[in-house]
Amino acid sequence: MHIRTGAPDDLHRIIKLYKEVAKVKGGIARLEQEITEEYVQNFLSKSLASGLILVAIHPDDPDSLIGEMHAYKPGLHVFNHLFSDLTIAVHPDFQGRKVGRTLFTIFLEEVARHHTDIGKVELITREGNHRAIAFYQSLGFKIEGRMEMRIKTPEGIYEADIPMGWQNPNFEF
Ligand SMILES: CC(C)(COP(=O)(O)OP(=O)(O)OC[C@H]1O[C@@H](n2cnc3c(N)ncnc32)[C@H](O)[C@@H]1OP(=O)(O)O)[C@@H](O)C(=O)NCCC(=O)NCCS
């Protein structure tokens with residue numbers, strides 16, 4: 001599996017990937033029409049400027065992506081020790097084939113090795129996404145609370161969002 005850091009010219013590859021991922025209900029918290037160039041450009045720019053972004057390349061097509069993961073500093077001085085707004089998306093045809101686990105493993109190793117100013121990586125996941133929660137726990141993320149009624153599913157059901165955090169063992173206070 002070929003994984004590299006993201007680059008400014010990945011913009012349209014990421015848009016294409018996210019649109020495919022958003023077609024499947026119960027995955028990322030965005031509808032397909034909410035995957036706009038503005039949305040992707042915003043997180044791509046922030047991840048390149050103050051965070052970390054990884055992309056997984058299609059095995060047969062170097063111009064297409066099968067996975068992407070990013071997080072970045074929220075922007076305020078008091079949050080400068082955090083990587084937040086973490087999002088991971090794996091192409092539906094490649095889910096369950098270790099792309100996500102590989103992206104996360106490399107991401108957290110990279111933070112531990114080269115981002116010792118980062119004390120914590122944060123993410124938020126829907127309570128009903130039990131597989132995702134178990135996956136993040138297996139990587140060392142801990143549940144940090146419960147945000148009641150934060151998500152409204154396409155079926156009109158309200159669900160809690162679960163904030164989770166991973167602490168950098170090499171954080172330099
Ligand atoms: C969740 C996701 C990132 C996992 O990546 P993946 O490449 O499919 O998963 P992997 O093959 O690396 O397996 C990692 C774990 O993810 C879980 N997983 C696999 N497919 C999944 C899916 N479609 N949805 C949720 N979790 C899934 C498995 O339990 C697996 O655990 P295991 O390693 O103990 O078997 C990916 O399936 C995805 O992008 N799903 C849609 C978007 C989404 O749910 N994003 C997360 C929102 S918080």
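**Note on the predicted model: ligand shell and salt bridges**

1. Arg126 is buried, with a relative accessible area of 19%, where buried means under 20%, exposed over 50% and partly exposed in between, computed with a 1.4 Å probe and protein chains only. This is a predicted model, in which local features need pLDDT of at least 70 and side-chain atom pairs count only at pLDDT 80 or more, while totals for chains, interfaces and linings use all residues. Residues are numbered from 1 along each chain as its sequence is written, and side-chain values use heavy atoms, with hydrogens and water left out.

2. Arg126 takes part in a salt bridge (a side-chain nitrogen of Lys or Arg within 4 Å of a carboxyl oxygen of Asp or Glu) with Glu159, their closest N and O atoms being 2.9 Å apart. Because Glu159 lies in strand E8 (residues 158-167) and Arg126 in strand E5, the pair ties together parts that are 33 residues apart in sequence; strands here are DSSP runs of E with at least two residues, and helices are runs of H or I with at least four, numbered from the N terminus. Glu159 also counts as buried, at 15% relative accessibility.

3. The structure holds 13 salt bridges. Another of them joins Lys73 to Asp117, with the closest N and O atoms 3.0 Å apart. Lys73 lies in the loop between E3 and E4 and Asp117 in the loop between H3 and strand E5 (120-126), so this pair links parts that are 44 residues apart in sequence. Asp117 is partly exposed, at a relative accessible area of 37%.

4. Between Glu127 and Arg146, which also form a salt bridge, the closest N and O atoms are 2.1 Å apart. Both residues are partly exposed, Glu127 at 28% relative accessibility and Arg146 with a relative accessible area of 43%. Elsewhere, Arg4, Asp9, Asp10, Arg13 and Asp63 are linked in a network of salt bridges.

5. The ligand is surrounded by 19 residues, the closest being Val90, Gly96, Lys98, Gly100 and Arg101, where a residue counts if one of its heavy atoms lies within 4 Å of the molecule. H4 gives the most to this shell, with 4 residues.

6. A nitrogen atom of the ligand lies 2.9 Å from an N or O atom in the side chain of Gln95, and an oxygen atom of the ligand is 3.1 Å from a polar backbone atom of Arg97. Taken alone the ligand exposes 820 Å², of which the protein buries 79%, the areas coming from the Shrake-Rupley method with a 1.4 Å probe.

Methods: Polar contact = N/O pair within 3.5 Å; in protein donor to acceptor, adjacent residues only side chain to side chain.
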